[in-house]
Amino acid sequence: MEYEPVIGLEVHCELKTATKLFCGCSTIFGSDSNTQVCPVCLGLPGTLPVMNEKAVEYAVKIGLALNCTIAKYSKMDRKNYYYPDLPKAYQVSQNDKPLNYAGYLDIITKEGTKRIGVTRAHLEEDAGKLIHQGGKAGRLESSDYSLADYNRGGIPLVEIVSEPDIRSADEAHAYLTALRNILLYIGVSDCNMEEGSLRCDANVSVRPKGTEKFGTRTEIKNMNSFKFAKQAIEYEIKRQSALLDKGERVVQESRLWDVNESKTKTMRSKEEAHDYRYFPEPDLVPIILSEDYVNSIKKNLPELPAAKRTRFVSQYGLTEYDAGVLTSDQELADWYEEGAKHTKNPKGLSNWMMGDMAARMKEEEKELKDLKFEQKKLCELVDLIDKGTINSKQAKEVFIELFDTGKSPEAIVKDKGMVQVSDPAVIEKAVEKVLGENANVVADYKGGKQGVLGFLVGKVMQATQGKANPKLVNEILKKKLDS
Amino acid sequence: MALSEKDVQYVAKLARLEITEAEVEKYTKQLGNILGYIEEMGKLDTTNVEPLTHPLDMKNVFREDVLIPSLTQQEVLSNGPEVQSGHFKVPRIM
Amino acid sequence: MELYQLTLHEAAQALQSKKTSSVELTKTVLDHLKKVEPQVQSFITITETEALAQAAEADKRLASGNNITPFTGVPIALKDLLCTKGVRTTCASKMLENFKPPYNATVVEKLNSAGAVSVGKTNMDEFAMGSSTETSYYQKTKNPWNLTCVPGGSSGGSASSVSADQAFASLGSDTGGSIRQPAALCGIVGLKPTYGRISRYGLIAFASSLDQIGPMTKDVEDSALMMNVIAGHDPKDSTSADVPVPDYTAEMKKSVKGLKIGIPKEFFPSEMNTEVSEAVKKAIEQLKSLGAEIHEVSLPHSPYSLAAYYVLAPSEASSNLARYDGVRYGLRVPGENIVEMYSKTRAAGFGPEVKRRIMLGTYALSSGYYDAYYLKALKVRRLIKQDYDKAFEKVDIIATPTAPNPAFRFGEKTDNPLTMYLEDIFTISINIAGVPAISVPCGLSKTGLPIGLQLIGKPFDEAALLKAAYAYEQSTDWHKNKPTLKES
């Protein structure tokens with residue numbers, strides 16, 4: 001039986017405001033426990049929340065970047081439940097009047113562009129952090145006790161919920177990558193999954209291909225990277241399909257991705273479905289945003305990845321793929337654009353960036369800020385090749401030194417005496433020498449073995465210490481051989 | 001809507017209140033009476049009446065994204081029933 | 001007359017004219033406080049050392065002549081749900097028996113800045129849930145007018161401390177009548193300001209959209225003086241109104257000629273206590289004789305206010321009290337696992353009335369019942385508010401009894417929770433609509449128990465209330481009566 005996966009993704013994005021959603025405590029990651037806590041975010045009796053205006057601004061930015069409708073009237077609600085990381089025993093979130101709704105995000109799949117709906121992107125506060133101790137190290141199920149740190153409690157989050165439009169683990173990965181890229185572009189979050197500033201849960205179900213009715217879905221949690229998310233979703237699709245094939249039912253439950261065993265597992269006793277008893281937060285007042293306010297934010301939004309990609313294709317003559325790679329990271333895109341100002345061959349620049357430069361950076365785990373050279377120097381290299389001063393093999397050598405030392409390619413070529421030999425007289429001399437020394441090969445060529453031309457070209461290159469202009473060598477050799 | 005003992009047990013669980021059998025009986029009766037009185041509201045026709053969550057017609061109260069000094073770790077933990085290495089300690093969650 | 005029997009403004013006068021010092025005054029008050037305390041039991045915590053230190057500071061300030069306010073050096077009391085930094089704040093609950101807030105409520109900061117001296121934290125119904133102060137975990141407060149009777153609630157300790165001259169004034173809180181009803185039962189003045197007039201930051205929450213802090217004083221002038229200090233916008237409270245604070249004494253002594261007073265028929269049911277209705281009607285006549293115009297008004301939805309209140313308040317309370325779980329502060333009863341710890345802690349930390357209201361509120365908000373109860377109550381709320389809006393198009397002030405009866409005996413209304421809830425029948429709609437109201441003494445029952453007149457005003461028009469209340473008060477002698485701390 002062929003099954004079609006139906007996937008929805010819930011992404012929690014921590015906003016990088018200076019202070020928390022309802023109080024003036026710092027949001028910096030990694031401080032000593034309980035040192036960024038005040039009476040408000042500790043939930044002490046008598047304390048009251050006051051909304052951070054920057055968090056609202058960032059949330060609206062997210063809504064606009066995801067093509068959402070921005071609510072004219074929006075309010076906060078209390079979501080009531082008990083858990084020791086929740087100081088007030090309720091989370092201030094949004095229930096029926098979220099800030100942003102009815103948006104979408106386009107992803108690039110093998111079949112082309114696909115539009116994934118975004119149901120809503122609402123504002124809420126984060127909970128604290130728990131460390132589980134005793135038993136199997138760090139595991140909730142076997143812990144003896146837990147320790148609570150409220151530094152993270154109260155940090156603003158935007159929860160972005162997709163429509164169940166995703167149909168494969170690959171699409172899910174593409175969605176997450178594209179979403180993360182957008183969030184980084186608009187500068188609202190660090191989007192660092194290791195630090196928890198970006199988290200994602202997946203709702204997965206399958207149904208027989210061609211049918212309409214949704215199958216029972218499970219919620220997958222604890223996917224700490226996009227790679228794991230893809231693996232987890234793939235696993236879950238297979239698991240559910242196998243169950244249905246056996247005639248068994250899928251149980252609606254929350255499951256954890258177990259990194260060590262590479263499978264999803266039931267979360268033991270997450271108990272009955274929560275009755276959250278949502279009601280409007282009486283300590284806060286509604287948010288009513290004017291069109292002027294929303295438009296001013298829209299105006300100040302940076303160019304988003306999709307728009308930049310399209311522009312790169314037309315402005316710099318890049319392929320969709322190349323443009324896609326360069327705009328996958330805003331810093332990289334900006335680096336490229338700065339470079340493109342200094343060369344007549346932006347495509348060439350893009351090739352070097354995506355080829356040799358990317359490879360070296362990956363190998364040595366370097367970022368753009370670690371590079372020893374600026375764009376101008378890389379453009380110099382591109383120009384040297386285009387002018388014919390050096391050939392592509394020489395260029396590779398020059399690049400290595402450029403990357404290692406940051407020295408200007410022109411200087412490198414000069415110091416190494418690498419200028420490509422393009423003087424026909426010099427090449428003719430070398431060609432004659434080689435022909436003279438390889439009479440039998442010449443005979444083969446004249447006898448019809450055209451293939452040996454490559455060997456002869458190689459010999460000429462050798463004779464000129466690799467500096468000869470390969471195109472000219474080819475031309476002159478052929479002329480001599482054919483005469 | 002008659003309130004049953006099961007309802008009271010459910011609600012006590014939601015509210016994390018441990019109550020005895022005797023208390024379940026007592027509270028069921030008392031809460032039942034109160035709910036009976038409350039249901040008088042059902043007599044009022046409220047179709048087309050907008051709910052009023054705040055007596056004041058306020059909106060858009062914000063504060064600037066500016067740092068304010070936090071409490072010290074010691075102050076945060078000062079009322080903690082059980083603390084350990086700079087954290088609040090709680091028993092097994094599962 | 002003893003120093004401690006003075007009103008607040010008289011005490012301030014005595015300090016400013018150097019007839020006494022703050023330290024001397026505070027010592028006198030504390031001596032008297034401690035003398036009558038075994039009988040009245042107004043205080044959960046008496047802060048003698050801190051008070052004397054504050055008094056010494058106040059004396060320095062008084063000597064310098066700089067920045068003197070009517071509160072500088074004057075002993076006052078604070079209801080024990082106002083957070084006081086470093087001083088135990090219990091809400092009269094076992095749950096917070098040893099809780100020491102690391103911060104001050106905004107109103108406390110304001111009083112401190114004005115130079116007030118705080119003698120202690122007063123007793124109340126547990127978490128402000130009650131109308132007799134009988135649900136306090138710690139002690140029962142007695143009505144100074146008759147020690148076998150309740151002082152009212154939930155600000156019972158605040159009322160009795162002022163009535164028994166243990167403090168010159170007190171801050172209470174009012175969610176359904178908790179300032180006004182005990183003020184009426186103890187023969188003092190109690191004002192619940194407009195919702196949002198006073199910052200709630202540091203007020204331990206019962207029902208967020210209904211709670212307000214307010215002054216409980218020996219007379220109307222003291223009430224106005226206290227409003228001048230505590231009123232005002234607070235950026236720490238998102239629901240605090242950004243409305244300028246007038247000088248509440250400015251209009252107070254003006255004539256009430258032409259003031260339109262409305263009498264709602266719904267508040268004078270035929271079956272009500274005749275002593276109360278007589279006294280209140282007489283008071284209204286008195287106001288008429290001072291030049292006020294009396295009109296009939298109607299608040300047709302007010303009979304439903306108790307029902308709406310007993311959905312709204314417990315619902316908000318069930319959420320506000322969820323944080324008392326033994327993790328970060330307050331009582332913790334150990335358990336095998338966290339759920340057990342939560343459940344045992346909350347079972348041991350809360351009294352039965354609190355548990356009842358938490359369960360009621362949880363039920364009203366729970367899945368399937370939200371529309372029928374909570375949402376319905378919010379709609380009824382709008383209807384009640386609209387009643388007041390309409391009435392205030394016709395009149396400036398509305399006059400009613402404060403409480404349906406004078407003080408009752410201990411245990412008289414505790415069998416059936418509903419019986420106690422009905423104590424608030426005249427005060428509750430005011431909180432739902434968010435309008436201000438004041439209770440002033442207007443008579444004594446046959447057995448010598450105080451009766452209160454309630455005056456209700458337009459939003460942010462406390463000045464009109466204080467004017468009418470002052471005019472009435474000054475034209476009678478009720479405010480001069482003192483309780484004798486007897487039992488009968």
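**Close-up views of a predicted model**

**View 1. Arg78(A) faces Phe279(A) across a strand pair.** Arg78(A) stands opposite Phe279(A), a residue of β16(A). The model is predicted. Strand β5 of chain A covers residues 77–80. β5(A) and β16(A) run antiparallel and are joined by 2 bridges. The pair belongs to an open sheet of 3 strands in chain A. The strand order is β6-β5-β16, and the pairing is antiparallel. Which strands stand at the edges? They are β6 (90–93) and β16 (279–280) of chain A. Each has a single partner strand, so one side of each is left without a neighbour in the sheet.

**View 2. Three domains divide chain A, and domain 1 touches domain 2.** Domain 1 spans 3–295, domain 2 spans 304–416 and domain 3 spans 424–482. The C-alpha centres of domains 1 and 2 of chain A are 38 Å apart. At their contact, 7 residues of domain 1 of chain A meet 6 residues of domain 2 of chain A. On the domain 1 side, β7 (100–109) and α3 (169–185) of chain A each give two or more residues. The largest share comes from α3(A), with 4 residues. By class, this side of domain 1 has 5 nonpolar residues, 1 polar and 1 charged.

**View 3. Chain A meets chain B.** Here 40 residues of chain A are in contact with 30 residues of chain B. Four elements of chain A each supply at least two residues to the side that touches chain B: β2 (51–52), α2 (53–65), β10 (145–149) and β17 (287–288). Which element gives the most? It is β10(A), with 5 residues. The side of chain A that touches chain B holds 20 nonpolar, 12 polar and 8 charged residues.

**View 4. A strand of chain A pairs with a strand of chain B.** β10(A) pairs with strand β3 of chain B, residues 87–91. The sense is antiparallel, and the pairing runs over 4 bridges. Within this pair, Tyr145(A) stands opposite Pro91(B) of β3(B). β10(A) is also the element that gives the most to the side of chain A touching chain B.

**View 5. Chain B has 3 helices and 3 strands.** That is the total secondary structure of chain B. From the N terminus, its elements follow the order α-α-β-α-β-β. How does the radius of gyration of chain B stand against that of a compact globule of 94 residues, and what is it? Chain B has 23 Å, whereas such a globule would have a value near 12 Å. Along the principal axes, the C-alpha atoms of chain B fill a box of roughly 55 × 45 × 20 Å. Of the 94 residues of chain B, 31% count as buried.

**View 6. Chain C meets chain B through helices.** In this contact, 55 residues of chain C meet 44 residues of chain B. On the chain C side, the elements that give two or more residues are α9 (305–320), α10 (338–349), α11 (352–365), α12 (371–394) and α13 (417–421). α12(C) brings the largest share, 11 residues. The side of chain C that touches chain B comprises 29 nonpolar, 12 polar and 14 charged residues.

Terms used:
Residues are numbered from 1 along each chain as its sequence is written. Chains are lettered from A and ligands numbered from 1 in the order in which they are written. This is a predicted model: local features need pLDDT of at least 70, side-chain atom pairs count only at pLDDT 80 or more; totals for chains, interfaces and linings use all residues. Two residues are in contact if their C-beta atoms, placed from the backbone, lie within 7 Å. Ala, Val, Leu, Ile, Met, Phe, Trp, Tyr, Cys and Pro count as nonpolar, Asp, Glu, Lys and Arg as charged, and the others, Gly among them, as polar. Two strands pair if DSSP finds at least two bridges between them. The radius of gyration is taken over C-alpha atoms; the globule rule is 2.2 Å times the number of residues to the power 0.38. A residue is buried if 20 or more other C-beta atoms lie within 10 Å of its own, exposed if 12 or fewer, and partly exposed in between; C-beta atoms are placed from the backbone. Domain bounds come from an automatic or database domain assignment.
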